[in-house]
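Have the viewer open and follow along.

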Amino acid sequence: MIAITGSSGLVGGALSNYLSNINHVNLVRESTYPSKQRITKQYEVIDLEKSNSIKVLDKYKDLILIHCAAKIPNSKNSFQDCYIDNTIIDKNIFDYLQDR
């Protein structure tokens with residue numbers, strides 16, 4: 001199982017799209033936004049800002065996690081807000097992997 005964070009973004013979306021077209025690859029996508037990429041296989045959506053939601057990955061025995069998620073500043077999010085959100089996301093991922 002491959003879990004890709006940030007799959008609605010430029011890098012994560014392109015990687016998700018590429019990997020979804022390879023046989024025997026299953027994806028778990030993290031996103032609160034619809035993907036701009038066309039994903040051809042089923043996936044699960046998790047919110048990495050909520051530490052409990054990442055535990056959905058527990059059901060996958062062999063897991064490869066590729067972390068491409070990052071919030072970027074825009075008209076709704078300041079640089080400071082993005083810094084805090086990205087810190088929370090990274091901490092949740094690292095804490096989860098450390099306990100796994």
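**Starting from the tail**

Arginine 100 sits in the segment after α2; helices here are DSSP runs of H or I with at least four residues, strands are runs of E with at least two, and both are numbered from the N terminus. Before going on, note that this is a predicted model, where local features need pLDDT of at least 70 and side-chain atom pairs count only at pLDDT 80 or more, while totals for chains, interfaces and linings use all residues. Residues are numbered from 1 along each chain as its sequence is written, and side-chain values use heavy atoms, with hydrogens and water left out.

Arginine 100 is partly exposed, at a relative accessible area of 40%. On that scale, buried means under 20% relative accessible area, exposed means over 50%, and partly exposed is in between (1.4 Å probe, protein chains only). Which residues does arginine 100 touch, once its neighbours within four places in sequence are set aside? They are Leu57, Asp58, Tyr60, Lys61 and Leu63, with contact meaning heavy atoms within 4.5 Å.

Now the overall layout. The protein has 2 helices and 4 strands, and from the N terminus on they run β-α-β-β-β-α. Take the contacts between residues at least 6 apart in sequence: 50% of them join residues at least 24 apart. Of the 100 residues in the protein, 34% are buried.

Glycine 6 counts as buried, at 10% relative accessibility. Its C-alpha is 9.1 Å from that of isoleucine 66, a residue 60 places away in sequence.

Next comes helix α1 (residues 10–20), whose buried residues are Gly12, Gly13, Ser16, Leu19 and Ser20. These residues cover an arc of only 135° around the axis, so they are on the same side of α1; the arc is that of the directions from the helix axis to the C-beta atoms. The other side of α1 has Leu10, Val11 and Tyr18 exposed. As background, an α-helix has 3.6 residues a turn, so residues three or four places apart point the same way.

The loop between β4 (64–67) and α2 holds alanine 70, which is exposed at 54% relative accessibility. From alanine 70 to cysteine 82 is 12 residues in sequence and 8.0 Å in space, C-alpha to C-alpha. Asparagine 77 is in the loop between β4 and α2 too, but is buried, with a relative accessible area of 19%. Beyond its neighbours within four places in sequence, asparagine 77 is in contact with Ile72 and Cys82. Cysteine 82 itself is buried at 3% relative accessibility, while cysteine 68 is partly exposed at 26%. How many disulfides are there? The count is 0, a disulfide being a pair of cysteine sulfur atoms within 2.5 Å.

What about charge pairing? Side chains of opposite charge can pair when their charged atoms come close. Searching the whole structure turns up 2 salt bridges, each defined as a side-chain nitrogen of Lys or Arg within 4 Å of a carboxyl oxygen of Asp or Glu. One joins lysine 71 and aspartate 85, with the closest N and O atoms 3.9 Å apart. Lysine 71 lies in the loop between β4 and α2 and aspartate 85 in helix α2, so this pair ties together parts 14 residues apart in sequence. Aspartate 85 is buried, at 17% relative accessibility. Lysine 91 and aspartate 95 form a salt bridge as well, at 2.5 Å from N to O. Both lie in helix α2, 4 residues apart, about one turn of the helix. Lysine 91 is partly exposed at 48%, and aspartate 95 is partly exposed at 29%.

Finish on helix α2 (residues 79–99), where tyrosine 83 is found. Tyrosine 83 is exposed, with a relative accessible area of 57%. Tyr83, Ile84 and Ile88 form a nonpolar surface patch, together giving about 300 Å² of accessible area. Patches are made of residues with over 30% relative accessible area and no salt bridge, joining like charges within 9 Å and nonpolar side chains (Val, Leu, Ile, Met, Phe, Trp, Tyr) within 5 Å.

Notes:
Areas by Shrake-Rupley, 256 points an atom, 1.4 Å probe, with all protein chains shown as cover.
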